[in-house]
Each structure stands twice: as C-alpha cells, then as structure tokens.
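Hi there,

Here is the structure I promised to pass on. Have a look at it first, and my notes follow below.

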Amino acid sequence: MQNYKKFLLAAAASLVFSANAMAAEKLKMGIEAAYPPFNSKDASGQVVGFDKDIGDALCAKMKVECEVVTSDWDGIIPSLLAKKYDFIVSSLSITDERKQAVDFTDRYYSNKLQFIAPKNVDFKTDKAYLKGKTIGTQRATLSGTWLEDTYGSDITLKLYDTQENAYLDLTSGRVDALLADKYVNYDWLKSDAGKNYEFKGEPVVESDEIGIAVRKNDPLREKLNAALKEIIADGTYKKINDKYFPFSIY
C-alpha cells in the first residue's frame with residue numbers, strides 16, 4: 001500500500017512538472033516588421049500586422065508564450081538557421097529554393113503578384129513596352145526572381161532592402177513601376193502616398209502560397225499546422241483576415 005502511495009505521489013509530481021514545463025516553454029517568432037499591413041511597427045515601436053496576429057493566435061492554440069524577434073529581410077532565413085528564433089511568420093513565399101534550407105507549414109494565405117504604376121501612364125506588361133524601363137521590387141523575393149526570369153536584361157531591375165523604400169523611389173520617379181505582392185500594394189494604394197497610382201494589368205503570378213518557416217525536421221512544423229487548422233475551423237482566422245481585408249486572402 002505504501003509503495004502504491006509513493007507511485008501516486010511520483011505520478012502527481014511528474015504531472016506538475018510537465019505542466020510547469022509546458023507553461024515555461026517559450027518560442028520566438030521572426031518577423032521583418034517593415035511590410036504593412038502584414039508586419040510593421042506602430043507609433044510605440046510594437047510589432048503589429050496580419051502576420052503578428054496570426055503568430056499570436058497560433059501560439060495561443062499551442063499554449064506557449066511567444067516573443068517577437070525582428071530581422072532585416074535579407075537575414076530572415078539565416079537568422080532562423082542560427083537559432084535566433086524558432087519560426088518565421090513574415091509573408092514568406094513557399095519556393096523550391098527556400099525549401100532546400102527550411103521546412104514550411106501549410107499555407108496561411110495565398111498571394112498574387114501585380115504591377116503598380118502612375119494612373120496617368122498607359123503601362124503595359126509586354127516585353128516590347130517594358131524594354132528599357134526601370135522596374136523596382138524588394139530584394140530576395142518571388143517578384144525579383146519572376147522579373148529576372150521573364151524580362152532579363154530588357155529591363156533595368158532595381159532591388160530594395162524594404163518595400164517601403166521601393167515605394168519611396170516610385171513616388172520620386174526613380175522607377176517606372178513596381179512589382180510586389182498584390183495585398184501589400186492594395187494597402188499602399190489606399191494611402192495618401194499611393195493615391196496617384198494604380199494596379200496595371202492582371203496579376204502576373206496567381207498561385208503564390210505563403211507559409212511559416214521552421215528549421216529542417218523541426219517537429220514544431222506539425223504543431224503549427226495543427227494550430228493553423230484550429231484557428232481556421234473556429235473562426236479566429238476569419239476575424240484576423242477581416243481586420244485587414246474586406247475579402248478572404250486564404
């Protein structure tokens with residue numbers, strides 16, 4: 001009987017330890033914080049945006065505390081590999097090249113790539129029209145790869161460290177047009193800075209899937225996937241979506 005009591009006490013202690021360990025678990029999520037409305041900093045310096053809200057919702061479902069770690073875009077995957085954070089929720093396109101370095105979750109939204117240019121310009125996307133034009137996009141993105149593969153040396157390609165700097169050069173007339181994620185452009189076109197610009201032509205890429213990146217073979221991937229399914233099923237995802245867009249981006 002005494003041995004049985006010892007067993008029960010040991011089992012209870014083990015459960016308490018496991019519960020405390022889970023409560024103590026803390027994950028770090030990497031975010032660029034320069035890509036509104038998906039990720040940026042508010043006036044107080046806090047990281048905000050669709051990506052941050054999704055990350056918070058996933059952490060809540062996994063019952064873990066999460067901390068945001070910001071990173072320059074160029075270093076966002078190297079910093080994950082260097083274990084500066086545990087996962088990236090920063091509008092990363094799922095590409096074969098990136099999959100050589102990291103594992104991705106299922107998509108958490110679907111993106112399209114589309115040009116924007118001044119409203120008073122009859123902008124076209126064919127090679128004959130674009131020959132000699134200067135086109136801008138953010139460095140190390142699917143947009144940059146697509147422009148290089150499609151137009152090659154026919155255009156002058158300007159690459160930027162942040163999307164915000166790309167918009168600055170567009171409004172300053174240093175580039176003829178930009179190619180970027182449709183929903184980032186959608187948000188910028190509603191701003192005062194973007195009021196004289198518009199989408200040009202149809203999206204040039206329709207199936208850009210966005211995922212959360214983790215290190216290779218990290219079991220966190222499956223936990224994130226399970227949490228993602230939960231927030232979609234219980235309406236949390238839709239609430240976050242509707243906070244930023246009047247249409248579904250899933």
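A word on the basis: this is a predicted model, where local features need pLDDT of at least 70, side-chain atom pairs count only at pLDDT 80 or more, and totals for chains, interfaces and linings use all residues. Residues are numbered from 1 along each chain as its sequence is written, and side-chain values use heavy atoms, with hydrogens and water left out.

Helices (H or I, at least four residues) and strands (E, at least two) are DSSP runs, numbered from the N terminus. In strand β7 (residues 134–138), 5 of 5 residues are buried, meaning under 20% relative accessible area with a 1.4 Å probe, protein chains only. Thr134, Gly136 and Gln138 cover one side, with Ile135 and Thr137 on the other.

β7 pairs in the parallel sense with β8 (residues 156–160) over 5 bridges; pairing requires at least two DSSP bridges between the strands. Within this pair, Thr134 stands opposite Thr156. β7 is also parallel to strand β9 (residues 177–181), with 2 bridges, and there Ile135 has Ala177 as its bridge partner.

Finally, the record. An unreviewed UniProt entry annotates residues 26–247 as "domain: Ionotropic glutamate receptor C-terminal"; positions follow the numbering used here, feature names are shortened, and annotations may be inferred rather than shown by experiment. In the model, that span is 35% helix and 33% strand, and its end C-alpha atoms lie 33 Å apart.

Enjoy exploring!

Methods:
Buried means under 20% relative accessible area, exposed over 50%, partly exposed in between (1.4 Å probe, protein chains only).
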